Amino acid sequence: MQRTNRLSAFAAALIVAASTLNPGDAQAVDPTVVDSRLAVRTVVDGLSQPTSMAFLDSNNILVLEKATGRVQRVLNGIIQGTPALDLAVNSASERGLLGIALHPDFPTNPGVFLYWTESTTGADTTVLSETPLLGNRVDRFLWNGSTLTFDRNLIQLRALQPAFAAEPTPPTGRGNNNGGVLRFGPDGKLYIFVGDVGRRGQLQNLPDGPLGPGQPDDQFGGPEPDDAHLTGAILRLNDDGSAPADNPFFGVGATMGGEAGANIQKVFSYGHRNGFGMAFDPKAGHLWLQENGDDSFAELNRVTPGMNGGWVQIMGPVTRVARYKAIETSSEDDPCRGTPYFGLQQERWSPENIANTPLQALSRLFELPGSQYRDPELSWKFDVAPGGLGFLDGRALGLLYDGNLFMGAARETLEEGYLFRFRLSFDRRRIGVIDLRLLLDRVADNLCKFDITESESLLFGRGFGIGTDIQTGPNGNLFVVSLSKGAIYEIYRP
């Protein structure tokens, strides 16, 4: 049985969220944490689908709203009357106003960088087709103390997903796997995560496209990673949008030449499906990314320069590739929801093509010179819909939590929006596992999609709704943005 119009977990959650923003529904469940020595308070509420935030100072926050296109300024917990910026966005599915990062020298350098999806109508829209081909933008704006003004565009990325013959519905295409996270690294470079946007080509480890040898991507063309096909990757840029000369594929791109070569020079890692959380370890400088599976193998990755994450050939550890195939080709009903799993969301590359052995899977990867495949540091057999990702930097919550990694949920139904906590190993290269069930293979063998069996020891909080951003605030406390509850929460030590 094939299902051809499934929404991703996050896209479906957004539809639910849009109808649960009224008091008395999702907001009736207050967020809590399991540590009785800590407490949660609301910093601000009344926001419309907030996605991410940036602290200007201890009492001053810029907050992005997904569907209104507004950058709201929150001063002392109050939303100011006039937005700092109002963009005309296409917020269909997982598009919209998504990512924000302040220049590392802010406020001396007043640059504020935004990832957003442009509308072609001049107004906010949710119509899937009303965005340019390269509708995902990263732009630099200047902060003058009260408003943001446009300065320059750094890069334009694929947004439009037209319908294709194998899927008659929805007839206008899709808008999922859009990515949208921005982070400046300790090296002063801007890191951009863009999802695969439904593409099936080289950066999804299909060198000849989904139709076979010598064939382009049947929907997008290509398969070269030119301007229309630069997807499923983490990009690393200078603050003016140029490619740093020490990027892992800079030389490869120079040799390749042309538009595709110029884009390869910008790639830090590739082979990623989609994710809503990316964060730098403040102690060691390593980059971490959560990655959403389709039905199987959500991942938590430590990303290294030149990494190939394996998608679409591999999700989860490569030793589990047979399980990946078995789940995604299942014709049996899932005991938790009563429907089968078959399909990788769209039928343009059937899951029946997944390799049967680890060696076979590795042999099928698209290898840029200098690339290397890395297994995730932790994964879940069935997708648990991860959301925002962030570190706690400091001892405001106690020494026990300093340097811990936290992850939110992209669905409210998971414990009404879980908050997971991960300790790191001594060298900060791995997840410090305390549950013996995870020790051997670093896989949580949960029972079905959205179940959190074998993650009980990771549970830090509940009731946070769809948690899209997690950061350490200027006061050292942990702050969580909840898209579905229209709020920012602060976890603190009374």
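**Notes on salt bridges and nonpolar cores**

1. A salt bridge joins the side chains of Asp445 and Arg320, with an N to O distance of 3.0 Å. Asp445 sits in the loop between β25 (443–444) and β26 (459–462), while Arg320 sits in the loop between β19 (307–308) and α4 (321–328), so this pair ties together parts that are 125 residues apart in sequence. Please keep in mind as you read on that this is a predicted model.

2. Are the two partners of that bridge buried or exposed? Asp445 counts as partly exposed, at 22% relative accessibility. Arg320 has 16%, and it counts as buried because the cut-off for buried is under 20% relative accessible area.

3. Salt bridges that share partners also link Lys283, Asp393, Arg395 and Asp402 into one network. Within it, the side chains of Lys283 and Asp402 meet at 2.9 Å, N to O. Lys283 belongs to the loop between β16 (277–280) and β17 (287–291), and Asp402 to the loop between β22 (386–391) and β23 (405–409), so here the bridge ties together parts 119 residues apart in sequence. Lys283 is partly exposed, at 41% relative accessibility.

4. How many salt bridges does a search of the whole structure find? The total is 25.

5. Turning to the nonpolar side, the largest nonpolar core has 26 residues, and Leu190 and Ile192 touch the most other members. Two or more residues of this core come from each of β8 (97–102), β9 (111–117), β11 (148–157), β12 (181–184), β13 (190–194), β14 (233–237) and β15 (267–270).

6. Which residues does Leu190 touch, leaving aside those up to four places away in sequence? Its contacts are Ala101, Phe113, Val138, Leu154, Leu182, Arg183, Phe184, Leu235, Arg236 and Leu237. In soluble globular proteins, nonpolar side chains tend to be buried together.

Notes: Residues numbered from 1 in each chain as written. Predicted model: local features only at pLDDT ≥ 70, side-chain atom pairs only at ≥ 80, totals over all residues. Heavy atoms only, no water. Salt bridge = Lys/Arg side-chain N within 4 Å of Asp/Glu carboxyl O. Helix = DSSP H or I, 4+ residues; strand = E, 2+ residues; numbered from the N terminus. Buried < 20%, exposed > 50% of the residue type's maximum accessible area, 1.4 Å probe, protein only. Core = buried A, V, L, I, M, F, W, Y, C linked by side-chain atoms within 4.5 Å. Contact = heavy atoms within 4.5 Å.
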